[in-house]
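Dear colleague,

Please find the structure below, handed over for your own work. My notes on what was found in it follow directly after.

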Amino acid sequence: TGVFCVSCRHVFISPNGVVDFYKGERFRPVDVAFSGPLKSSYLSGLRHFVITYDIACKYGVNFKSRCFNKDPQAALIPTPHEEMFIAFCVNKFHQESHEDSCSAKNALNYTKFVGRTCGEGVETIWAKMNWLRYSTREMSPGVRRETLSEHFNDWNWQK
């Protein structure tokens with residue numbers, strides 16, 4: 001019924017960072033989308049991550065228990081969670097729809113190492129890609145993924 005996309009702060013779409021939604025926005029596909037970029041970034045030496053998401057206040061609550069597991073075979077991110085510092089923040093344009101206590105706790109303005117950013121980079125991707133929903137709506141899953149992949153690769157190439 002939709003697509004979830006992970007992008008970096010430079011608004012590049014992350015490899016293996018796009019997943020399909022089936023019947024609503026559930027956490028498990030989003031966990032899978034975040035696990036690939038987080039794992040590869042961790043292996044390249046990064047330790048501090050800021051995830052901006054319009055429902056970060058709800059999504060980030062049990063993130064570590066969902067993605068990090070004592071059993072490396074069952075974990076989406078097979079690294080020690082003590083070594084990764086992840087902050088969940090609500091994008092600035094989405095903060096108005098949250099309660100005051102939530103938007104203060106999950107605000108980018110008060111998050112360490114963030115600086116002055118809006119966190120809405122992924123929305124610029126969808127402004128350009130939204131027209132695809134009409135042509136990919138009735139495609140088979142394989143053709144749909146290939147079409148979206150081609151357009152996302154073109155987006156990254158243009159960046």
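**Packing around I77 and the cores**

Leaving out residues up to four places away in sequence, I77 touches S35, L38, F63, C67, F68 and M84, where contact means heavy atoms within 4.5 Å. A nonpolar core is here a set of buried Ala, Val, Leu, Ile, Met, Phe, Trp, Tyr and Cys residues joined through side-chain atoms within 4.5 Å. Buried means under 20% relative accessible area, exposed over 50%, and partly exposed in between, with a 1.4 Å probe and protein chains only.

The largest nonpolar core has 23 residues, and F4, F34, L38, F63, I77, M84 and I86 are those with the most contacts inside it. At least two residues of this core come from each of β1 (2-7), β2 (13-21), α1 (27-43), β3 (48-52), α2 (56-59), α3 (63-67) and β4 (85-89). The largest contribution to this core is that of α1, with 5 residues. In soluble globular proteins, nonpolar side chains tend to be buried together.

**Basis of the model**

Please note that this is a predicted model, in which local features need pLDDT of at least 70 and side-chain atom pairs count only at pLDDT 80 or more, while totals for chains, interfaces and linings use all residues. Residues are numbered from 1 along each chain as its sequence is written, and side-chain values use heavy atoms, with hydrogens and water left out.

**Overall architecture**

The protein chain has 7 helices and 4 strands, in the order β-β-α-β-α-α-β-α-α-α-α along the sequence. Helices (H or I, at least four residues) and strands (E, at least two) are DSSP runs, numbered from the N terminus. With 159 residues, a compact globule would have a radius of gyration near 15 Å, and the 16 Å of the protein chain agrees with this. That radius is taken over C-alpha atoms, and the globule rule is 2.2 Å times the number of residues to the power 0.38. The C-alpha trace spans about 40 × 40 × 30 Å along its principal axes. Of the 159 residues, 38% count as buried.

Helix α7 (residues 141-158) has 18 residues and reaches 26 Å from its first C-alpha to its last, close to the 26 Å expected at 1.5 Å a residue; the expected span is 1.5 Å times one less than the number of residues. R144, T147, L148, F152, W155 and N156 are buried in α7. The buried residues of this helix pack against β1, β2, α5 (121-129) and α6.

T136 lies in helix α6 (residues 132-136) and counts as buried because its relative accessibility is 4%. A polar atom of the T136 side chain lies 2.8 Å from the backbone oxygen of L132. Beyond its neighbours within four places in sequence, T136 is in contact with R144, T147 and L148.

**Two positive phi values**

Most residues other than glycine have a negative phi. V11, although not a glycine, has a positive phi of about 65°. V11 lies in the loop between β1 and β2 and counts as buried at 12% relative accessibility. N16, also not a glycine, has a positive phi near 60°. N16 is placed in strand β2 and counts as exposed at 69% relative accessibility.

With kind regards

Conventions. A polar contact is a pair of N or O atoms within 3.5 Å; within protein, one must be able to donate a hydrogen and the other to accept it, and residues adjacent in sequence count only if both atoms are side-chain atoms.
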